[in-house]
Amino acid sequence: MHASAAHWPSIGDWLYRQLLLERGWTRRSVLGGIGGVTLAACSSGGGSDSTGATTGTTTGTTTGTATSSSTTDGSLSCVLIPEETVGPYPLFNDIASAAIYQREDITEGKTGLPLNLILNIVNVNNSCAPVTTAMVYVWHCDKDGYYSGYNNSGRDLRGQTFLRGVQSTDTNGQVKFATIFPGWYQGRATHIHFRVYLALDLQATSQLAFPDAPQAAIYTTPLYSARGQNSTTAARDGIFSDGVAYQLPTMTPNAATGGYDAVLTVGIAS
């Protein structure tokens, strides 16, 4: 576990702070709210996110093209993360299930090139100040293009939870996940899904893509080379038809792991 993990509140602590302290709910109303709330999810429709997928309902965000504002000194463009489809494999259907997935290491023994995924959650309505009260759920396919929790093209992975995880932001508005670089499947650029919540409200549903050069290099390594390169680039992926300018993480080689660190700033309107 990462050394800073002690700064991340548990899901129970997070819910207590959000609902009891900040919203003035009673303990009974918190329990009732958790039992009754269902997060938007889409039914499986095949191997492509473009089949039958919906974005669900969001609160406090705009969909489609990103909006932006500037900090008080004008030195930083503060951008709302573009909304993207949740895809056919979200699995995470209610907030009470979050505790099952609360972890930094989401690999569950899956092989692949190590990837430290770091998301910085910021508030575009407050000069991109860190959001220290968010919950972030991430999920992606394994190196062979399969998602846990579903029957994927004849490979039955129901009941499994690999490469899925939840973290609450620390005092810097940051969440970190130890995972592997995802593989690919037909019709989609290589990507990772994520959702951001404040209390019971879904603030953002989006996806990140990857820069071409490191991705191409990774797919030549022994664990990935059998499947070759992904012929669907972000520019050719209909899900990313509005571009990926705000959805490309900074990729840095990590000498300690032999993999990469991927860092992305995610703007929400809270």
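Predicted model: local features only at pLDDT ≥ 70, side-chain atom pairs only at ≥ 80, totals over all residues.
A residue is called buried here when its relative accessible area is under 20%. With that cut-off in place, Cys78 and Cys128 are both buried.

The sulfur atoms of Cys78 and Cys128 lie 1.9 Å apart, and the two residues form a disulfide. How many disulfides does the count come to? The count comes to one. The torsion about the S-S bond of Cys78 and Cys128 is about 105°, so this disulfide is right-handed. As for its place in the fold, Cys78 belongs to strand β2, residues 77-79, whereas Cys128 sits in the loop between β3 (114-123) and β4 (129-130); the pair therefore ties together parts that are 50 residues apart in sequence. A further cysteine, Cys141, has a relative accessibility of 1% and so counts as buried.

Now to the protein as a whole. It has three helices and 13 strands. Of its 270 residues, 52% count as buried. The accessible surface comes to about 11400 Å², and carbon and sulfur atoms contribute 51% of that area. Among contacts with a separation of 6 or more, 74% are between residues 24 or more positions apart.

I turn next to strand β3. Eight of its ten residues are buried, so β3 is largely enclosed by the rest of the structure.

Which strand pairs with β3 in the parallel sense over nine bridges? That strand is β13, residues 259-268. Within this pairing, Ile121 has Val266 of β13 as its bridge partner.

With strand β9, residues 174-180, the pairing of β3 is antiparallel and extends over seven bridges. Strand β9 is itself mostly covered, with six of its seven residues buried.

The pairing of β3 with β4 is also described as antiparallel, over two bridges. Here the bridge partner of Val122 is Pro130 in β4. β3 and β4 form a hairpin with five residues between them, and Ser127 in the turn has a positive phi of about 55°.

Finally, I come to the open sheet. Four strands make it up, in the order β8-β5-β10-β11, with antiparallel pairing. What stands at the edges of this sheet, and why is one side of each edge strand left without a neighbour? The edges are β8 (164-168) and β11 (201-208); each has a single partner strand, so one side of each is left without a neighbour in the sheet. From one strand to the next, the twist averages 15°. Strand β5, residues 134-139, runs antiparallel to β8, and five bridges join the two. In this pairing, Val138 stands opposite Gly165 in β8.

To close, I would draw attention to two points. The disulfide joins two buried residues, Cys78 and Cys128. Strand β3 pairs with β9 in the antiparallel sense, with β13 in the parallel sense, and with β4 in the antiparallel sense. Thank you for your attention.

Key. Residues numbered from 1 in each chain as written. Heavy atoms only, no water. Buried < 20%, exposed > 50% of the residue type's maximum accessible area, 1.4 Å probe, protein only. Contact = heavy atoms within 4.5 Å. Areas by Shrake-Rupley, 256 points an atom, 1.4 Å probe, with all protein chains shown as cover. Disulfide = S-S within 2.5 Å. Pairing = 2+ DSSP bridges. Axes fitted to C-alpha atoms, helices over the stretch in contact; angles between N-to-C directions.
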